[in-house]
Amino acid sequence: MEWKGRKASRNVEDRRGQSGGGGAMKVGGGLGIGGIVIVIIIMLMGGDPGSLLNGGSTTETSQTQTANNSYQGTAEEEERADFVSVVLADTEQVWGEVFRKNGMTYRNPKLVLFTDSVQSACGTANSAVGPFYCPGDEKLYIDLDFYDELNRQFNAPGDFAMAYVVAHEVGHHVQNLLGTSGKVDNLRRKLSEKEYNKYSVKLELQADYYAGVWAHYEQGQNLLEQGDLDEALTAASAVGDDSIQLQSRGYVVPDSFTHGTSEQRKSWFYKGFQNGTIEGGDTFGGSL
């Protein structure tokens, strides 16, 4: 992805090196790709996910960006911080335009960079839960070390795999603004866990679709390089519920899926990449 020297987002809070503190994170608060994946693995292995849940520099600055002068990451980490800030800026431009075309106003989320643990409106999470979005404060939370895990554990290397993660979490923000997340959350109290999981899958697949919409516009700006699309599709496939369960226990339990299969995740991301519209992402089939 062509990104160096390009505009970075002003909506970044750098909390790296700071202690999270506070109470446990609400599981329904917007756990992202890494969060649900790791929680699933721990549950399948008989562990307690509650133990996890308790637990960048950019080229522009403004009042919305929190400087952290006491923390200095490695050169690689600082480059990642710059990269995700540029990706965030691109999502702001894309979704601002898409919302305008549909007679709506897009409200930019904030991106929080953290290490070890972080406090959000959804509670406190440590870095093991991976990137997540909290609708309570409209912020994305990312520990940049997750990208090492994406490469090593999920065999999904490349900068566009990293970009896909950010775009997916921004997809949850889009759902929050459109009211979709609230509707699904209301079902949690009305449905059995098995039935609710089906809606959770549809919600996650829609976030994948929205990530694909963003990639569609990146392609239109000639910002994608050879292999970028494959990197995103590999990442989407790697974090499918079936792939994760096969890795962790050797077989799958479809009723426990919360994010969708590898094939579903790839398919919906690619559909968004092809369509580039909000309208094509009704993963709920009109049932919501």
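These are my notebook entries on a predicted model, taken in the order in which I looked things up.

**Entry 1. The sheet**

I began with the strand order. Four strands make up an open sheet of mixed pairing, arranged as β1-β2-β6-β5. The edge positions belong to β1 (12-14) and β5 (132-134); each has a single partner strand, so one side of each lacks a neighbour in the sheet. From one strand to the next, the twist averages 25°.

Residues 110-113 form β2 and residues 139-142 form β6, and the two strands are parallel, with four bridges between them. I noted that lysine 110 has lysine 139 of β6 as its bridge partner.

**Entry 2. Helices on the sheet**

Which strands does helix α3 touch? I found that α3 (residues 75-101) packs on the sheet with contacts to β1 and β2. The direction of α3 makes about 170° with that of β2. Helix α5, residues 159-178, lies across β5 and β6 and runs at about 20° to β5.

**Entry 3. The hairpin**

I next turned to β3 (residues 117-120) and β4 (residues 123-126), which are antiparallel and joined by four bridges. The hairpin connects β3 to β4 through two residues. Glutamine 119 has threonine 124 of β4 opposite it.

**Entry 4. Salt bridges**

How many salt bridges does the model hold? I recorded 16. I looked up several of them individually.

Glutamate 13 and lysine 139 form a salt bridge with an N to O distance of 2.9 Å, and both residues are buried. Lysine 139 is also the residue that I had noted as the bridge partner of lysine 110.

Arginine 16 and glutamate 78 form another, with their closest N and O atoms 3.0 Å apart; both of these residues are buried as well. I found that this pair belongs to a network of salt bridges linking Asp14, Arg16, Glu77 and Glu78.

For aspartate 208 and arginine 265, the closest N and O atoms of the salt bridge are 2.7 Å apart. This pair links distant parts of the chain: aspartate 208 belongs to helix α7 (residues 193-220) and arginine 265 to helix α10 (residues 262-275), 57 residues apart. Are the two side chains buried or exposed? Arginine 265 has a relative accessibility of 0% and therefore counts as buried. Aspartate 208 is likewise buried, its relative accessible area being 0%.

**Entry 5. A pocket**

I looked up the second largest pocket, whose volume is about 230 Å³. Its lining comprises 15 residues, and those nearest the centre are Glu76, Arg80, Gly158, Asp159 and Met162. Helices α3, α4 (146-152) and α5 each contribute at least two residues to the lining of this pocket.

**Entry 6. Positive phi angles**

Aspartate 116 has a phi of about 70° and is located in the loop between β2 and β3. Glutamate 138 has a phi of about 55° and is located in the loop between β5 and β6.

Why does aspartate 116 count as exposed? Its relative accessible area is 57%, and the cut-off for exposed is over 50%. Glutamate 138, by contrast, is buried, because its relative accessible area of 18% falls under the 20% limit.

Technical notes
Residues numbered from 1 in each chain as written. Predicted model: local features only at pLDDT ≥ 70, side-chain atom pairs only at ≥ 80, totals over all residues. Heavy atoms only, no water. Pairing = 2+ DSSP bridges. Axes fitted to C-alpha atoms, helices over the stretch in contact; angles between N-to-C directions. Contact = heavy atoms within 4.5 Å. Salt bridge = Lys/Arg side-chain N within 4 Å of Asp/Glu carboxyl O. Buried < 20%, exposed > 50% of the residue type's maximum accessible area, 1.4 Å probe, protein only. 1 Å grid on protein atoms, 1.4 Å probe; cavity = no way out; pocket = protein on both sides within 12 Å on 5 of 7 lines; lining within 4 Å. Points joined across faces, edges and corners; volume = space filled by probe spheres on them.
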